Amino acid sequence: MNSLRFVVLGGCCLGLPAVQAISLFDTAPRVGLPESYPVRWTLSLGVGYDDNVNTINRSSKYHKGSWFVDYALGSSYSDQDSMTSLAYQARLGGSLYTQNEGSSRKDNALDNSELAVDLTHRFDSTLTYTTRNSISYRDETNYSLALSAVDLDGTVFTCVSSHSLAKAWDPRWSSTTTFRYNGVFYSDMERPSYDNRQYFNLSQAVSFRENTRTSYIGTVRGQIVEREWGNDNKSLYLTGGVDYSLSPVSSCNVTLGAQLKVQSGSDNMWTPTVNMGYNRTVAGRMNINAYVAYSNESVGTYYYHSNYASNMCWRLGVRVTQPITHVLSLHYGISAVSSRYGDSGTETAPAYTDKTYRLDAGLTLRHTSNISSHVSYSFTDARRPRNGWNYVRSIWKYSLKYTF
């Protein structure tokens, strides 16, 4: 009851943008109008090599590489009209390794499945309801999710459900109420559930539209984090930001504020919070998405009977898609996470910093309107002073895709 009261009080004062981002790549406003298209199906088959399937130091006797085959069946749909918009994306797939993928894993088969559904309904010209929902079951860490782990810890079930009600009071002023739930649950067969957790967020926002290009937003958000292991915590966020359209094809967002984090056994902490994003989307030319985020997260804060009250975490990412010819395109990107753990309250759990860097690059060749090939490479450098499990990892893959 006390936790619920904290969220209600923290969420009913001011505001949040119309939709909270599912990924940090969605921080900046979307560019352009969504398109309608009928149901599309995609079949893909790939083969590759992973030179560090256990994600451990190369000096370890358990270090090994493995060939793998991955497969997926995908489906997508989009129906956009003046009153109700509906879109979904689904993928059912996995990978088969010649070696076990993880040191505690006994199965060579990995899952890689996901479902995402977005719905927007406009009751009239001033009142809009938006919901964004996704569930996934996969082993690869998504660093653009602020709730994701900083390491590859096993197969993870992640779910997100966001519901927003936006009201325009006049041509300049509007407000938005948002409830969002996130859940992160590890497979107990492969890893102890030390980092299983749930997030409950309630937000209220007020937005002032200065002109067609610029809007200012004030936000109050309350958050409860419930952990299966370790201490639960609550946070109150007070932020102000600006959305700005740089051009018809690009936009940016800058949000700054303060976060109050409350956790049993630790002092209350006021810390800064930062979110910045940039989007450039234009058909047939270079597209860019980028984000920078900084906050006191609640990821990985339990470790061998010790609880860290502070996880000051920087996350940044950039991804670029660039056509080379009308049938050949290049994509590349980088993501980085730096987590500073502190305030454990015990000498056996000293402060430390985890760092992860990941580079991705690839080429896509369109053979026909339905068939395409893709060659990709990724490199990960992870530094773990807490347990000494530093590692580097390279993955090469070729895949063939058929769309109908």
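These notebook entries record what I looked up in a predicted model.

**Conventions.** I number residues from 1 along each chain as its sequence is written, and side-chain values use heavy atoms, with hydrogens and water left out. Because the model is predicted, local features need pLDDT of at least 70 and side-chain atom pairs count only at pLDDT 80 or more, while totals for chains, interfaces and linings use all residues.

**Confidence.** I looked up pLDDT, the predictor's confidence in each residue, from 0 to 100. The chain has a mean pLDDT of 88, and 91% of its residues reach 70 or more. Residues 1-20 have pLDDT below 50, and this stretch has 64 contacts in the model beyond near neighbours in sequence (contact means heavy atoms within 4.5 Å).

**Aromatic pairs.** I counted rings of Phe, Tyr and Trp (its six-membered ring) as paired if their centres lie within 6.5 Å; planes under 30 degrees apart are stacked, over 60 edge-to-face, and the rest tilted. The structure holds 17 such pairs. Tyr-377 and Trp-396 form a tilted one, at 5.3 Å centre to centre and 45° between the planes. This pair links distant parts of the chain, with Tyr-377 in strand S19 (residues 371-383) and Trp-396 in strand S20 (residues 391-403), 19 residues apart. Strands (E, at least two residues) are DSSP runs, numbered from the N terminus.

For accessibility I used relative accessible area: buried is under 20%, exposed over 50%, partly exposed in between (1.4 Å probe, protein chains only). Tyr-377 is partly exposed at 31%, and Trp-396 is partly exposed at 42%. Ring pairs also join Tyr-377 and Trp-396 with Tyr-49 and Trp-67 into a cluster.

I then examined Tyr-402 and Phe-404, a stacked pair with 5.4 Å between centres and 25° between planes. Tyr-402 has a relative accessible area of 39% and Phe-404 one of 44%.

**Backbone.** I found a positive phi of about 45° at Thr-55, although it is not a glycine. Thr-55 sits in the loop between strand S1 (37-50) and strand S2 (66-80). With 12% relative accessibility, Thr-55 counts as buried.

**Lining.** I listed the residues that line the largest cavity: Glu-140, Thr-141, Tyr-143, Leu-152, Arg-358, Thr-380, Tyr-391 and Arg-393. A cavity is a set of points on a 1 Å grid over the protein atoms alone where a 1.4 Å probe fits but cannot get out, and lining residues have an atom within 4 Å of a point.

Methods:
On a 1 Å grid over the protein atoms alone, a cavity is a set of points where a 1.4 Å probe fits but cannot get out, and a pocket is an open set with protein on both sides within 12 Å along at least five of seven lines; lining residues have an atom within 4 Å of a point. Helices (H or I, at least four residues) and strands (E, at least two) are DSSP runs, numbered from the N terminus.
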